[in-house]
Structure formats: C-alpha cells, structure tokens
Amino acid sequence: MQTKRTFKYSVIATALTLGLTACGGDINLSSEVDNSVGDTYIDNGTGSSGPDTSDLPGNTSTTLSNDISAALGYDVVVQVVDGSISESTTFAASTGGTPVMYAVSGALEVGGNDTAAAASRSLDSQTTRARDEANDVVITIEPGAVLFGQSGNDYLVIHRDAKIMAEGTKDKPIIMTSLQDVKGEEVSAGQWGGLVILGNAPSNKCPSDGSTCSIQVEGVTEGAVFGGEDWEDNSGVLKYVVVKYAGYEIATDNELNGITFGGVGSGTTVDYIQVHANADDGVEFFGGAVNVKHLVLTSNQDDSVDWDNGFKGMLQHVYIEHAANAGEANRAIEADNDGTDHYLEPQSNPTIANMTIIGNNFAGEDPSEGIYLREGTSAGIYNTVVTGPSEMGECLEFDAGGTIANATSGTLVMQNTVMACTNGENFKNDGDDTTGFDLEAWFSAEASNSISESILLGGDGVPSSQSPLIAANAGQDVATTVNGFFDSVSHVGALDGTTDWREGWAFGYGGGEVTNSATGETEACPEGTAAISSVDGVTTTCRLSGTITADLTLTAGNLYALEGAVFIGGDKENSATLTIEPGTTIFGRTGDDYLVISRDSEIQANGTASAPITFTSSQDVSGGETSSGQWGGLVLLGNAQSNKCPTDSDCAIQVEGVEEGAVFGGTDDEDSSGTLRYVVVKHGGYEIATDNELNGITFGGVGSGTTVEYIQVHENADDGIEFFGGTVNAKYVVLTDVEDDSVDWDNGYRGNIQYVLVRQDSENTDANRAIEADNDGTNPSLTPQSNPTIANMTIIGNDFDGAEDDAEGIYLREGTKAQLHNFVVTGSSGMGECFELEAGVTADQAVAGTTVISNSVFACTNGENFKDSATSDEATFALEGWVLNDNEANSTAADMAAVLNGIFTIDATTPKDFTGDAFFENADHIGAVSEDNDWTENWTVGLED
C-alpha cells in the first residue's frame with residue numbers, strides 16, 4: 001500500500017520556519033514536496049521506465065537509483081521515505097526481482113499521534129487501556145532490506161503503540177546504514193541518525209502524581225515521547241538487524257544513539273542485533289524492561305551500552321569490542337539510575353549474562369574503559385569477561401552513593417566474572433566515597449569471580465580451546481539460577497569457542513554488507529564463500545569473511561571479495577589451507593579489508609606467468625579509478641624467531657596494522673606458511689596510525705619453509721614488503737610505485753633474497769626508501785640480529801621530495817647487519833642519498849666487516865651517492881671509502897643511462913660468484929633484470945612506462 005505521510009504542526013509560523021519538517025497539529029500534506037533536511041539530497045522523479053514501484057512506500061528517486069546502481073554494479077530502486085507513516089506499511093526488499101533500498105529523509109515517524117493516544121489512556125490498569133487507532137501502525141521490513149540516511153537529521157522513530165516488525169534472517173539481515181556505505185565510499189560514525197523505539201513501559205522519570213507519562217526522548221524532534229505503566233508493552237520485533245555509521249549529537253547530552261529504547265516493554269523481541277561505528281552510544285535504554293539476546297556492539301565512539309531511569313531488562317550473549325588501534329571509544333557500559341535521587345523508583349536493575357568486553361588504547365578526554373555503574377543503578381552481572389590492552393582505562397568502577405550502597409547490601413551482584421585487564425587498573429575506587437568501600441575486595445569476596453591476565457582470546461574475540469573461559473563449569477547456568485529467559489550455558493563471555501553466533505549476519509563476521517545475494521550463481525562459489533552480486537556486472541563474485549577454519553580452494557573464473565579482516569585459521573588452532581588457482585582475482589573495498597594467514601595455517605597461491613594471481617581493489621576490478629590505499633593487504637604470520645619474542649614464555653607478537661590477536665613468532669625457523677608464486681598485489685596499504693600500517697605483503701615471523709617467488713607489489717600506500725623477524729626467502733620480486741619503503745625489515749630478519757627490482761613512481765609521486773632496514777631501536781645488538789643476504793637488486797629512485805620523507809636508496813639502521821651483492825643503485829637527479837648507514841652500532845658492524853656490500857655500482861646524479869655517519873666512538877665513518885676501498889668490486893657511474901637501459905642492466909661489473917650456495921644462483925649480470933633474461937615479462941604491471 002502506498003504510504004500516506006502526515007506532517008503535523010502547531011502553528012503556521014512553525015511550519016514556514018522549518019520548511020514543513022517539524023511535527024504537531026493534524027494537517028495532511030502531499031508527499032510530492034521536497035522535505036529534505038540538513039545535507040540530505042532528495043530527487044523524487046520517478047522516471048518513465050523500470051520496475052513497478054506503485055506498491056512501495058515513498059517515492060522513487062531516479063538520481064539515487066542511478067547513482068547507487070552504478071556504485072554497486074547492479075540495478076537498484078531507491079525509494080525516498082519521509083514524514084509520518086500513519087498506515088501499516090511493508091518495506092519490501094525487492095520488486096520484480098530488482099532490489100529496493102529506502103532513503104530515510106528527515107525524521108521518518110511511524111505512528112506519532114501520541115498526544116491523543118496519551119489522553120485516551122486509562123492509568124488505572126496496567127493491562128487495559130484505550131488506544132488511538134491512528135497510532136496502531138505497523139511497519140514490516142522484509143529480510144535483506146536496506147534503509148539508509150544521508151545526514152544526522154535522517155532517522156527512524158517508532159512511536160508508542162506503533163510497531164516495527166524487522167525480522168531479518170542470518171542470510172539476509174536487515175541493514176540500516178549511511179549513503180556512503182551503500183555506495184562503497186569512505187564511511188565514518190555519524191553519517192546518519194539512527195533508530196528510535198518508544199514504548200509504554202515505566203520510567204522513574206514518569207510523574208509520581210498519577211498524571212499521564214510522556215517523557216521527551218533524547219536527540220529527536222519535540223513530541224517523540226515514551227513511558228507509561230505497561231512493563232510488558234510490545235513495540236514489535238528486531239531480529240537480525242545491523243545498524244551502522246549512525247549517531248548524531250544535537251547538543252551536549254542530547255544525542256541520537258545507534259538504537260534508542262525509550263520505555264520499551266518486555267513484550268518486544270530483540271535478538272541478533274548489531275550497532276557498528278556509532279558516533280554516540282551503541283544502544284541506550286531509558287527505563288523499560290525490553291530483553292535482548294545476541295547483541296554485537298563494535299567500534300562505537302561513546303558508550304556501547306547505556307541505561308538509566310529505571311531500566312530492568314535482561315541481556316544475554318553480548319559482544320562489545322572497541323575500535324582497533326586507538327579508535328575513539330568510551331565505556332563498554334555506562335549505567336545510571338537517577339542523578340538527582342540515586343534511590344528513585346523504579347530503580348535501574350538489569351540482569352546481564354555472558355558478556356565479552358574488549359577495550360582499546362584510546363586515550364582522549366573520555367578514554368576506553370570497561371564497566372562504570374553510577375547514580376544508584378543496581379545490576380546482576382554474570383558470566384562476563386572484561387579485557388583490553390595495557391593502555392586501556394579502568395575496567396570496573398562504581399561511583400559513591402547509591403551504587404556502592406547497592407553493592408554492600410547485595411542488590412548489586414557480580415558472579416562468574418573475570419577481570420582480565422593488563423593496565424594495572426582492573427578496579428577504580430571512587431575518591432568521593434566516604435564509606436571505605438574497596439571495589440577489588442568486594443569483587444574478590446565472591447568466590448566465582450577471578451582476576452586473570454591470560455584468558456586466551458583470539459583476535460576475533462573467540463576463546464581458544466585452552467581458554468579458562470570455556471573450561472568445565474567456568475560459567476553459571478543462569479537459566480536455572482537466575483531466570484528462565486536465559487539460555488543454559490557453562491561458559492564465561494559471549495562466545496563458547498565452538499559456535500560463533502555472529503557469523504554470517506553481523507558486519508565484520510561475514511554479513512552486514514550492502515550486497516544482495518546473487519541469483520542463480522550460488523553453486524559457482526566454493527563452499528566456505530557466499531555468492532554476492534557481481535562486482536563487474538558479469539563475473540560470478542564470491543565473498544570471503546570472518547575466520548575460515550576449513551580448507552578452501554578459490555577456483556579460477558570467479559571474483560572474490562574480502563569482507564573485513566579475513567583470517568585463514570585461528571592462531572595455532574583450527575588451522576586451514578587456502579588454495580588459490582592460477583588466474584584468480586581477490587579484491588577489497590576499503591582499508592579494513594585484508595587477508596591474514598594465521599600461524600600453523602597456509603596459503604597455496606600458485607599462479608603462472610600467463611595466469612598470475614591478483615590481489616587488488618574493487619575499483620580496479622570494476623574499471624574505476626585506481627590509487628594506493630584502496631584496500632588493506634596480505635599478511636602472513638609464522639612461527640619463526642623474532643628478537644621481540646620473550647625469553648621466558650611463549651611468543652605471540654601482535655603484528656602491525658591488523659586487529660588485535662593477529663600474532664606471530666616462535667622457535668621454528670624452518671616453518672612453512674605455504675607458497676606465493678606469480679602473485680601481484682595492487683592498490684593496497686592502509687595507515688591505521690603512525691607506525692602502524694598495513695603493507696602490501698607483511699611477513700611476520702615467516703619461516704624458510706615458505707616459498708616466495710615471482711611476486712609484485714604495485715602502488716601501495718605503505719611499504720611494499722616488510723619482514724618482521726623470520727627467515728623466509730624470496731626470489732624474483734618487483735616493487736613499483738610504492739609510496740613508503742619498498743623493502744623493510746626488522747626484529748631479527750635473516751632470510752635470503754635474489755632478483756629484486758625496485759622502481760619508484762616515474763611521475764615523482766610519493767616514495768621513501770628502496771630499503772629501510774632495522775634490527776631493534778632500543779637495543780641495536782639484540783639477538784637474533786637482522787642479517788639478510790640480498791643479491792641482484794636494482795633500485796631506480798625518483799625526485800619525490802616531501803615535507804618529511806624523500807626518495808632515497810638504502811638506509812641501514814638500528815643495528816641491522818646485511819650482506820649485499822650485485823646491486824645497481826641509481827635514480828633521477830632530484831633523488832636523495834643513495835646509501836646511508838646510521839651512526840653507532842650499524843656503522844660499527846660495517847667497520848668490523850660483519851656488514852658487506854660487493855660487486856655493485858652506484859650511479860646517482862644528485863652528488864650524494866653516499867651519506868657519511870659516525871661510529872659509536874664518534875669517529876667519522878666515511879661511507880664512500882668503505883664501499884669503494886674496504887669491499888670488493890664496487891664502483892660508481894655517471895648516471896642512470898650508464899648502468900641501465902630501462903630496467904635492464906647494461907653495466908659490465910662482474911657479479912659475485914655463488915658457486916656452492918643452495919639458494920643463490922650465479923647470474924651473468926648485476927642488478928635484477930637483463931635483456932637476455934626478462935623474468936618480469938607478461939605477468940607484472942606498471943613497467944610499461
């Protein structure tokens with residue numbers, strides 16, 4: 001049925017001032033007017049052709065339909081929905097086989113004739129009351145439907161007595177998100193408003209004199225009110241619903257949350273919901289008694305869960321994770337009763353079971369913290385774990401007054417709960433408390449609680465098989481001991497280590513993406529992937545997501561989309577092998593999309609010269625404009641040594657640029673992470689924060705049992721390849737147009753590399769060093785000490801001269817050693833220094849002969865082939881003299897033309913003899929490539945110019 005929109009206002013002047021965007025009165029207006037607000041763009045032109053939209057709510061926007069169809073690569077109809085919905089309406093997911101999306105414009109209000117309804121209610125009975133028929137509106141949202149907003153002024157309100165029936169499925173969750181997310185553009189918190197549900201359940205803000213309760217909810221147009229006397233009120237169903245990139249601050253303490261529950265009763269069903277990257281709280285409960293199961297709250301910028309004003313609901317299976325890498329966050333739980341009267345009734349007293357809280361290292365004005373109970377709230381908290389990095393703020397805090405009184409009286413309870421923070425502040429006592437209450441002592445007095453620094457959670461929040469959280473009888477069976485609402489469990493935390501209930505529907509866990517399931521193509525996608533609509537409009541496209549724990553083969557002929565961080569295997573458990581057939585293409589859409597091969601798992605990527613395997617961006621696949629940093633990159637993690645490994649315990653070093661729990665290191669220098677052969681990685685790299693980036697290919701503790709040959713990284717935003725310790729060897733490596741260092745090593749890397757071509761961008765765009773190499777910044781002599789051997793490398797620098805970094809050749813520093821042979825180092829006239837050793841230990845090692853360079857030529861025309869430094873005793877270290885006089889068969893040449901013809905070596909320096917070496921071949925040239933042996937031909941990209 002076509003939706004009727006009722007715009008209400010109290011006086012004509014208000015309507016004129018607000019452009020008919022406010023609510024009040026009872027005048028009906030046509031929906032043909034443009035009711036856009038903020039920066040929302042609306043075009044209600046219906047066009048002359050396309051699917052039949054006559055039975056859909058709202059008006060068709062030709063402009064948005066065309067824009068989104070172009071962005072997604074398949075046809076979409078976009079309906080603009082605005083104003084007030086006063087008749088029951090269905091938001092269909094498709095029409096005539098074409099997907100339908102809904103652009104929420106301004107405040108989309110369901111029901112809303114609340115003044116009349118409130119006046120007609122009898123407050124003498126909790127079970128019966130008269131209802132205004134105009135308010136008994138139901139909106140039904142079909143599985144797989146997508147609703148989006150374009151500004152913070154766009155939000156959806158379900159008024160009292162109205163209902164939302166949003167019942168998605170695991171395979172087809174309902175998604176509420178931003179226009180930017182729909183179009184695959186840069187996303188962030190606060191790009192639209194959010195979802196608000198208002199009910200008739202009690203709140204302690206309701207008047208105590210028996211008068212009608214109508215409490216204005218935060219962040220919403222005046223007249224959006226909640227509250228009443230019906231604890232069992234029913235506002236409908238939310239099931240398999242994902243809300244992303246919402247939240248909007250109207251003013252201080254007046255914000256739109258991801259989902260706001262105002263006086264929502266226990267008759268409402270809320271199960272399998274997620275709020276991701278919200279600018280304010282994830283979910284907030286203002287009074288009421290709504291119950292929730294399977295709640296995912298990720299990367300929210302304020303509190304993940306907030307309650308106040310008498311909330312009495314129950315929550316189970318709650319997973320909270322603050323954004324990785326110091327993304328903005330505040331408390332996992334911030335909970336109140338009433339700030340003026342801590343003991344105001346009804347008193348907030350929810351019950352929560354099986355919750356996992358993972359904080360981060362955000363240290364703003366409001367840092368990342370765990371649970372803060374205050375202003376008189378009580379609570380029952382069971383089977384919960386709180387953890388986070390060492391920089392995280394306090395993990396548990398009660399404020400003085402009513403909350404501490406509740407704890408000492410026994411109405412506030414925590415049982416089978418684990419505090420696992422490593423910040424030295426598991427507990428924070430309130431300095432204003434005058435009772436002498438000791439929070440840690442109170443917590444520890446409950447025998448079932450514990451404090452631990454070793455809970456063995458994986459990077460995805462899943463406990464390992466050895467985790468104490470899933471040990472026998474770790475958790476309390478709350479279904480028996482607390483309330484029949486709860487599922488019967490025996491573990492602590494949100495996940496039991498066996499079944500991940502987030503998988504397949506939640507964003508970051510295999511679902512929650514704005515892509516429609518492909519029709520008739522499912523059988524073409526390998527088991528373990530999911531068919532989505534074709535990214536290029538032609539080729540079968542399959543999605544990889546989450547942690548893959550069974551062997552998987554990516555067959556040629558399909559395209560494969562990475563969704564978020566995709567892990568092959570867990571860390572040293574549930575190991576798997578990813579096999580990629582020759583000619584296969586894998587792509588990502590954003591910097592958050594990357595592939596990780598965990599320790600004990602393998603990648604078998606065996607391409608050929610005629611059919612290389614390609615990792616690239618969605619823009620590249622769909623024929624759009626390409627650049628660096630359009631997706632993440634490829635990460636291999638192994639069990640080889642690193643000098644960052646502890647000497648007294650098992651090694652598990654967090655790798656740069658990847659979500660928490662992606663670790664490497666061990667004692668097996670011959671470890672195998674599989675094979676990379678004829679693999680091209682393009683348009684990747686992503687800087688999470690300074691010194692925390694995704695490289696084109698990251699090798700973390702990768703062992704010499706791994707085969708790496710014929711690989712290229714092209715146009716990467718950070719380093720091309722980086723080796724964090726390990727012993728992996730590589731041959732035939734091409735690194736082109738890399739914007740930071742082309743080759744980087746540190747932390748004890750000791751592999752062998754032969755035939756390496758580095759060419760910085762010929763257009764003189766961003767570049768730094770061809771080689772930037774370290775051992776350890778704190779202890780340059782730390783063992784195992786970085787000491788790779790590299791032969792036959794060509795470095796072609798450019799003229800980039802940035803504010804901080806410029807194009808350079810080789811820089812050895814922080815105690816690394818190196819054995820360098822058969823190098824050609826050259827570049828254009830504006831290039832920086834071509835060879836430099838850091839003063840101190842690095843220079844000492846050169847003097848001692850433990851670092852060498854031989855059979856090489858330097859042909860830089862910048863007047864700085866060599867940059868001098870000093871030894872540890874502050875003696876001048878003359879690098880040119882050391883290269884030319886203290887090492888064998890090195891020389892300088894006039895310019896690039898004297899040593900190279902394009903990428904081919906023409907210099908006649910005799911190469912080093914490697915006879916008898918098991919890895920290195922005897923080349924008939926120095927440098928990487930000769931015209932007689934062009935191993936780059938046919939499979940590489942970007943060398944044509």
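Predicted model: local features only at pLDDT ≥ 70, side-chain atom pairs only at ≥ 80, totals over all residues.

Trainee: Is F699 buried or exposed, and what is its relative accessibility?

Mentor: F699 counts as buried because its relative accessibility is 2%, and the cut-off for buried is under 20%. F723 is buried too, at 1% relative accessibility. Now look at the two rings together. The centres of F699 and F723 lie 5.0 Å apart with their planes at 15°, so this pair is stacked. F699 belongs to strand β47 (residues 697-700) and F723 to strand β49 (residues 721-724), so the pair ties together parts that are 24 residues apart in sequence.

Let us set another pair beside that one. A search of the whole structure finds 30 aromatic pairs. One of them joins Y272 and W505 edge-to-face, with 5.8 Å from centre to centre and 90° between the planes. This pair links distant parts of the chain, 233 residues apart: Y272 is in strand β18 (residues 269-276), while W505 is in the loop between α7 (478-481) and β32 (530-532). Y272 is buried, with a relative accessible area of 16%, and W505 is buried with a value of 0%.

Rings can also join up in a group: ring pairs link Y678, Y710, Y732, Y755, W935 and W939 into a cluster. Finally, turn to charges over rings. The charged end of K731 sits over the ring of F919, 4.6 Å from its centre, and K293 lies over the face of F485, 4.7 Å from the ring centre.

Conventions: Residues numbered from 1 in each chain as written. Heavy atoms only, no water. Phe/Tyr/Trp six-rings, centres within 6.5 Å; stacked < 30°, edge-to-face > 60°. Helix = DSSP H or I, 4+ residues; strand = E, 2+ residues; numbered from the N terminus. Buried < 20%, exposed > 50% of the residue type's maximum accessible area, 1.4 Å probe, protein only. Lys NZ or Arg CZ within 6 Å of the ring centre and 35° of its normal.
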